[in-house]
Amino acid sequence: MTLPDDDLPDQDEVDASIKLITDNAQRVFSWNYDRDREQLVTLYNKAMASQWDSVNDLDWSTDVDPERLVQTSAQVNVTVEVARAAKNVPGSPFANWGEKEFTELGIEAMKATLSQFMHGEQGAMMVAAKIVETVPWIDAKYYASTQTMDEARHTEVFAKYLHSKLGDAYPMSPYLDQQIQALVEDDRWDIAYLGMQIIIESLALAAFGQMLRSTQEPLLKKLLRYVLSDEARHVAFGVLSLGEFYENLSDAELMDRQEFLAENTLRNRNRSTIPEIWERMNVDLDKALPALHEGAQTLDKSLFTTFQRGFYAKLVPNTRRLGLLDANNGHLRTLWGEAGLLEWEFADDTATDYETYDAVARDRAAANAG
Ligand SMILES: [Fe+2]
Ligand SMILES: [Fe+2]
């Protein structure tokens, strides 16, 4: 059937609403249906039992006032604090700003952050689906299928929260876009795991945890508690699967993985800015940068590091468990040691602590007891 030209979408519209990526990994069927990876079986059973429902478990009738949301979030965003600090710098573009403008910036920063969560969740859904298709073990295929569903629900709830409570979403940050694209394209199945389950999921645990602790808004709080319950399992999935796979790789292959981790932690730091925030606030970022830098200098360092600490406290022990700190005469141990990241080496690793995140199971137990 051919459609008349008028019914076809305009090419620009297509380009703006979808993105095409070619995946170079091979699809793998497994004919071995034995359930011989016990920890993955346990994790899969847990994932099935702890599924939640985005329509019935969250109260979407909750009234959310964006201004109040920002004012009652203890640590809305470093962006706002930096802009506040920049207000008094001579020649600052924020000199005339009052509470109204800072609150507005806070709302934009909150929207931008939640938008990155939403896009990141879609990326996670794509990568989980890729793992279903490329991992050679049946237990891992089953588990990754539950994760694909989890990530669909996460994408959906962040999109719904943004659109129904806060307004326009922001585009994906170029840094996140590039990171996820690389994982979808890679021809090695374990790199999708390493990049998503170990690095990006650890980032997500830290970022969602930080927002959960800082906000008072009940719908967002419950949404984040439930998303976090799932994310902790996802990191565990990566640790359990890759631990087995990396036992059998050569030194040269392990070096590639160590370099991948170094590249994504040491060399790519601080590239997650979202320039559109400033456009929406009518601030010329190039002109504002000197004042923002100067403002940032005066701020308490802990504002920047809380999130980084949460991230490394997950990433470093998980990496140690995979044997990637010590392979090749401690190549990554040396690099991370120089960057001061080894203080987290013996923090709880997520292969074991995912049960403590299970807010869904806890809420159900409490409802049954009551
Ligand atoms: Fe997720
Ligand atoms: Fe996840």
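1. Two residues are in contact if their C-beta atoms, placed from the backbone, lie within 7 Å. By that rule, residues 24 or more positions apart account for 86% of the contacts in the chain with a separation of 6 or more.

2. This is a predicted model, in which local features need pLDDT of at least 70, side-chain atom pairs count only at pLDDT 80 or more, and totals for chains, interfaces and linings use all residues. Residues are numbered from 1 along each chain as its sequence is written, while chains are lettered from A and ligands numbered from 1 in the order in which they are written.

3. On confidence: pLDDT is the predictor's confidence in each residue, from 0 to 100. The chain has an average pLDDT of 88, and 90% of the residues score at least 70. Helix H1 (residues 11-17) has the lowest confidence in the chain, with a mean of 62, and helix H6 (residues 138-166) has the highest, at 97.

4. On secondary structure: helices (H or I, at least four residues) and strands (E, at least two) are DSSP runs, numbered from the N terminus. The chain contains 15 helices and 0 strands.

5. On burial: a residue is buried if 20 or more other C-beta atoms lie within 10 Å of its own, exposed if 12 or fewer, and partly exposed in between, with C-beta atoms placed from the backbone. Of the 370 residues in the chain, 39% are buried.

6. A nonpolar core is a set of buried Ala, Val, Leu, Ile, Met, Phe, Trp, Tyr and Cys residues joined through C-beta atoms within 7 Å. The largest one has 84 residues, and those touching the most other members are Leu43, Val127, Ile131, Tyr143 and Leu223. Ile131 touches Ala144, Trp189, Ala192 and Tyr193, when residues up to four places away in sequence are not counted.

7. Helix H8 (residues 189-214) has 26 residues and spans 36 Å from first C-alpha to last, close to the 38 Å expected at 1.5 Å a residue; the expected span is 1.5 Å times one less than the number of residues. H8 has a bend of about 30° at Glu201, the bend being the angle between axes fitted to the seven residues ending there and the seven starting there. Of the 26 residues of H8, 19 are buried, so the helix is mostly covered.

8. Helix H4 (residues 78-86) is largely enclosed by the rest of the structure, because 7 of its 9 residues are buried. These buried residues are Thr79, Val80, Glu81, Val82, Ala83, Ala85 and Ala86.

9. Helix H9 (residues 218-246) contains Leu224. This residue is buried because 25 other C-beta atoms lie within 10 Å. Setting aside residues up to four places away in sequence, Leu224 touches Phe208, Met211 and Leu212. Leu224 and Ala359 are 135 residues apart in sequence, with 9.9 Å between their C-alpha atoms.

10. Arg233 is also in helix H9. Arg233 counts as buried because it has 23 C-beta neighbours inside 10 Å. The C-alpha atoms of Arg233 and Lys46 are 8.7 Å apart, across 187 residues of the chain.

11. Glu67 is in helix H3 (residues 66-71). With 13 other C-beta atoms within 10 Å, Glu67 is partly exposed. Glu67 touches Thr103 and Ile107, not counting residues up to four places away in sequence. Between the C-alpha atoms of Glu67 and Lys100, 33 residues apart along the chain, the separation is 9.4 Å.

12. Glu345 is in the loop between helix H14 (327-338) and helix H15 (359-369). It counts as partly exposed, because it has 16 C-beta neighbours inside 10 Å. Apart from neighbours within four places in sequence, Glu345 is in contact with Val316, Pro317 and Arg320. For Pro317, 28 residues away along the chain, the C-alpha separation from Glu345 is 4.7 Å.

13. Two backbone angles deserve a look. Asn282 has a phi near 55°, a positive value in a residue other than glycine. Asn282 is in the loop between helix H11 (276-280) and helix H12 (285-297), and it counts as exposed, with 8 C-beta neighbours inside 10 Å. Asn328 is not a glycine, yet its phi is positive at about 50°. Asn328 lies in helix H14 and is partly exposed, with 16 other C-beta atoms within 10 Å.
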